[in-house]
Amino acid sequence: MKTPRSRLLALRPALLSDALGKAGAMDHDMRCWSANWRMAGPAFTLRVHTADILMVGKALSDCPKGSVLAIDGQGELNTALWGAITTECARRKGLAGIVIDGAIRDVAQIRRDKLPVFARAAVPNAGGAEYRGETGITIQCGGAVVNPGDWIVSDEDGVVVVPQDRLEATLEIAERLRKVELAIQRQVALGNDLGTLLRYDELLEGKAAAGGLPQMRFVKK
């Protein structure tokens, strides 16, 4: 029997976003800085005080193997919360990946690493170590809400968050969408017109008949 991880890795995040109602994606500037874009794992969440790394090492120690460490750095781009040493520790521990709403440093080394590391920016400055953060809570990361245990999936397109309580339903829809997408691709490869396949003319006629504005539809009633 396939595991949730294997099923998620067989799907592109774009299909998962479609299955979530064209939602779930983190912001477009959540960039992969390492040599591997592909990850899937349940989130272990951390919120840090702005520009403070005190809890990053503790969260790295507590984060279970196979999880994605998701860090809410409150979007601070001028202080690095992550670097080459923490990347190596996370890879050796068997984490699935790292997602940081904030900045990293040591890009030259991280770029060669196979552990997926996503963040908004890179900067030389390191954070302080003064304030206690929080783990195992609901956070904001990359413009998306992430709860502990939500699944985080990524590829070259970016990062998608699949809520834990919607995982099975999302997988089923995305797997059906993949079959439909493959069927359409086969038809296009045979020379068939995409507009005809997706019945665009019929859709446009229906929209025209409905009227351009909601107020116009009300008047017609």
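User: Which backbone nitrogen does the side chain of Asp-101 reach?

Analyst: The side chain of Asp-101 reaches the backbone nitrogen of Gly-142, at 2.8 Å. A polar contact is a pair of N or O atoms within 3.5 Å; within protein, one must be able to donate a hydrogen and the other to accept it, and residues adjacent in sequence count only if both atoms are side-chain atoms. This is a predicted model, in which local features need pLDDT of at least 70, side-chain atom pairs count only at pLDDT 80 or more, and totals for chains, interfaces and linings use all residues. Side-chain values use heavy atoms, without hydrogens and water, and residues are numbered from 1 along each chain as its sequence is written.

User: Why is Asp-101 called buried?

Analyst: Its relative accessible area is 1%, and buried means under 20% (exposed is over 50%, partly exposed in between; 1.4 Å probe, protein chains only). Asp-101 is therefore buried.

User: What makes a set of residues a nonpolar core?

Analyst: The residues must be buried Ala, Val, Leu, Ile, Met, Phe, Trp, Tyr or Cys, joined through side-chain atoms within 4.5 Å. The largest such core has 23 residues, and Leu-69 and Trp-82 are among those with the most contacts inside it. Its largest share, four residues, comes from α3.

User: Why is strand β10 described as largely enclosed by the rest of the structure?

Analyst: Five of its five residues (158-162) are buried, so β10 is largely enclosed.

User: How do you know that β9 and β10 pair?

Analyst: Pairing requires that DSSP find at least two bridges between two strands; five join β9 (residues 151-155) to β10, and the strands run antiparallel.

Note on methods: Helix = DSSP H or I, 4+ residues; strand = E, 2+ residues; numbered from the N terminus.
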